[in-house]
Amino acid sequence: MGGRRLSPGQSIDALDEAIDVIRGIWAADERAVLRLDGEYYGLRGAKRGPAPAHDIPIWLGAYKPRILRLVGRKADGWLPSMPYLKPGDLQAGNQAIDEAALAAGRNPAEIRRLLNISGRFSAAGQGWLDGPAGQWVEDLLPLVLQDGVSTLIVMTDDPGTMRRFAEEVMPSLRDAVDRERASRGRPTAPARSAAALSRRRDGIDYDGLPAALAESAVEPGDFDYSRVRSTYLRGGAPGLVLRVTSVPQVVEALAFAREQAGVAMSVRSGGHGISGRSTNDGGVVLDLSALNAIEIVDETTRRVRLGPGARWMDVAAALAPRGWALSSGDYGGVGVGGLATAGGIGWLVREHGLTIDHLRSAQIVLADGTVATASPDENSDLFWGIRGAGANFGIVTSFEFEADEVGNIGFAQLAFDATDTAGFFERWGGVVEAAPRDVTSFVILGPSRGGQPPVAHVMVAVDSDDADTVLARLQPLAQIAPLVGSDARITSYAAVMANASPDPHQGQGEPVTRSGLIRHITPEFAIAIEKLMATGIVYFFQIRSLGGAVSDVAADATAFGTRDANFAVVAFGTDRARLDEAWEDIYQHFRGLYLSFETDTRAERLGDAFPAATLERLRALKQRYDPDNVFRDNFNIAPPPGLG
Ligand SMILES: Cc1cc2nc3c(=O)[nH]c(=O)nc-3n(C[C@H](O)[C@H](O)[C@H](O)COP(=O)(O)OP(=O)(O)OC[C@H]3O[C@@H](n4cnc5c(N)ncnc54)[C@H](O)[C@@H]3O)c2cc1C
């Protein structure tokens, strides 16, 4: 505005534009840059954000008609000061605000009415707000009941006045309001805004949401929506996210979601689903992230109870002081719920097995709302099914695991020139298969860029805190190709897992993937990898070692049934059809699939993920526990044809 002198009217117009600027900058989840060609402010593509950490309402202290109309059109609250109001001003101001709000398509009740007050605690009968606490209550009650004032701010620096107001006036005033509110005056709490209501999605009975869930509900118009709409990899636009905080709330939320006919339902724990998306478009999301307790159940048997919303980095950090760890994954942000119902292939997998191999019992909310226990002794068929295909049978609300004793570990990152891509993978596979089970190794290859040789990144975890042992294990790996970088250290499993950001998910990448399990990296398979990478379609290719303790478990002991694979493979691309086409050649080599890394939703993938006998058993289990196919957001195993 360049120091321009503004008339009172112009100041209000400038304020009007300023509100648009402020709100536009705060709208960090809107993709488009901010443009404003105003009379007072001009923005030519301003970057939005950062988003405020909490909702910041805009309240205006206004007295004259023009600015009162601005309050009605754009503000979140009206904050006049009692000493400047004449009798009747509060009513007239409210009316002007209400009319302007309605004309702007807003609900007048969404504008909070606040009031600055001043007064004195004194003997009875001195004047308005000049008396004992009881008289303050009597004086203030009409403002709340008749004028809709819901926030009172005492203008004083005197601690005694503040304390008496907080301790003596407010509790009695609240009680009096509660007693009388039912029959009189305007509502005292702001309502959901008209703008928020207009963003509600069809098919969801928002008004029918049980009161117990109302506090946990986030709708598209809510401040928190941008934090919960998407997951780590997927952008979403759900109509309602229910951030449940207890098992009874899970039961109630599930019943509510089921009542919304034709509306999608997703179950979310840590929000890192690759196959299971845990967000949707226009549906209901049951968000279990608040069920994130990590409890030690028994010191001698190393029993720990985990909530589905706990993240694996927090689990690792909580168990580390006891010298314990649970074999989980490689990324600390992944949630317990999704990973521990599918498998769990992580840094300790060859020595300690899959995460599901440590599960001793689970509490699960079934489709009909029953809260069941699944263990070797109770609902043992369900216990079998949730260890590999858990997403199909219910919502697991707690997991009881037996942790292992794990001290410090060796952790190395080796970078290799992988110009001879096929030879590199064949040699890596041979060394890893021959290594003792204390070695777990993952390898990542991306496309070669700008004429540079392709670089393969090999990560190696050695379950030993002895430097000589770690070096001995790394030695054969260091020789598989020209080494271009290396870093090795003795560290804790918790430190390796502490690698995730606490920021809300923004749905990065929207990748498409293909995956498979394989026994050996044969020369033919290695050549197929080289060909696949040469297409340029895959931007991230990874192989993880399996085998070891994973293969100790019988194939029919859990729903994760491909126990003889030594490697899990995944390729990420951006184009479904192109990736599927490029994958055709390599596909023939696989004998199984880990569903957590797969995004191809064609029915054949189920046959890849589960051996035939396992799949048949899973279908029968589905018929028993979820005949209406309520849980279908992740590799759906439909009940047997004709039975469902
Ligand atoms: C960056 C990254 C790294 C990964 N690393 C590994 C790894 O090292 N090892 C590995 O094995 N996997 C790994 N995965 C895959 C991961 O294990 C799965 O995607 C898993 O489903 C994520 O769990 P979540 O709770 O975070 O996901 P969410 O997105 O919350 O859930 C995914 C799906 O799991 C199901 N689900 C979630 N919670 C429950 C519940 N309480 N009860 C029943 N079903 C539920 C639902 O179908 C849901 O759609 C990784 C994924 C990402 C994005």
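The legends below describe close-up views of a predicted model.

**Figure 1. Helices α1 and α2 pack against each other.**
Helix α1 covers residues 8-26. Its axis and that of α2 are 10 Å apart, and the angle between the two helices is about 15 degrees. Angles under 35 degrees count as roughly parallel, and α1 and α2 are therefore roughly parallel to each other. Their crossing is right-handed. On the α1 side, the residues that meet α2 are Gly9, Ile12, Asp13, Leu15, Asp16, Ile19, Asp20 and Arg23. On the α2 side they are Arg66, Ile67, Leu70, Arg73 and Lys74. By residue type, this contact has seven charged, five nonpolar and one polar residue.

**Figure 2. Helix α2 crosses helix α3.**
Here α2, residues 65-74, is shown with α3, residues 89-103. The two axes come within 7 Å and cross at roughly 50 degrees. That angle makes α2 oblique to α3. The crossing of α2 and α3 is right-handed. Helix α2 contributes Leu68, Arg69, Val71, Gly72 and Arg73 to the contact, while α3 contributes Gly93, Ala96, Ile97, Ala100 and Ala101. Six residues of this contact are nonpolar, two are polar and two are charged. Arg73 of α2 is a residue to look for in both views: it belongs to the contact with α3, and Arg73 also meets α1.

**Figure 3. Helix α14 crosses helix α17.**
Helix α14 is formed by residues 421-434 and helix α17 by residues 523-534. The axes of α14 and α17 come within 8 Å, with a crossing angle of roughly 135 degrees. As a result, α14 is oblique to α17. The crossing of these two helices is right-handed. From α14, the residues in the contact are Thr421, Ala422, Phe425 and Glu426. From α17, they are Pro523, Ala526, Ile527, Ile529 and Glu530. Sorted by type, the contact of α14 with α17 holds six nonpolar residues, one polar residue and two charged residues.

**Figure 4. A cis peptide bond joins Gly49 and Pro50.**
The omega angle of this bond is about 0 degrees. Pro50 is found in the loop between strands β2 (42-46) and β3 (59-60). For background, most peptide bonds are trans.

**Figure 5. Leu129 has a positive phi.**
The phi angle of Leu129 is near 50 degrees, and Leu129 is not a glycine. Most residues other than glycine have a negative phi. Leu129 lies in a loop, with β6 (120-121) on one side and β7 (130-131) on the other.

- Leu339: a backbone N or O atom is 3.4 Å from an oxygen atom of the ligand.
- Ile345: a backbone N or O atom is 2.8 Å from a nitrogen atom of the ligand.
- Asp633: an N or O atom of the side chain is 2.7 Å from an oxygen atom of the ligand.

How values were computed: Residues are numbered from 1 along each chain as its sequence is written. This is a predicted model: local features need pLDDT of at least 70, side-chain atom pairs count only at pLDDT 80 or more; totals for chains, interfaces and linings use all residues. Side-chain values use heavy atoms; hydrogens and water are left out. Axes are lines fitted to C-alpha atoms, for helices over the stretch in contact, and angles run from 0 to 180 degrees between N-to-C directions. Helices (H or I, at least four residues) and strands (E, at least two) are DSSP runs, numbered from the N terminus. Angles under 35 degrees count as roughly parallel, over 145 as roughly antiparallel, 65 to 115 as roughly perpendicular and the rest as oblique. A crossing is left-handed if the near helix is turned anticlockwise from the far one by less than a right angle, and right-handed if clockwise. Contact means heavy atoms within 4.5 Å. Ala, Val, Leu, Ile, Met, Phe, Trp, Tyr, Cys and Pro count as nonpolar, Asp, Glu, Lys and Arg as charged, and the others, Gly among them, as polar. A polar contact is a pair of N or O atoms within 3.5 Å; within protein, one must be able to donate a hydrogen and the other to accept it, and residues adjacent in sequence count only if both atoms are side-chain atoms.
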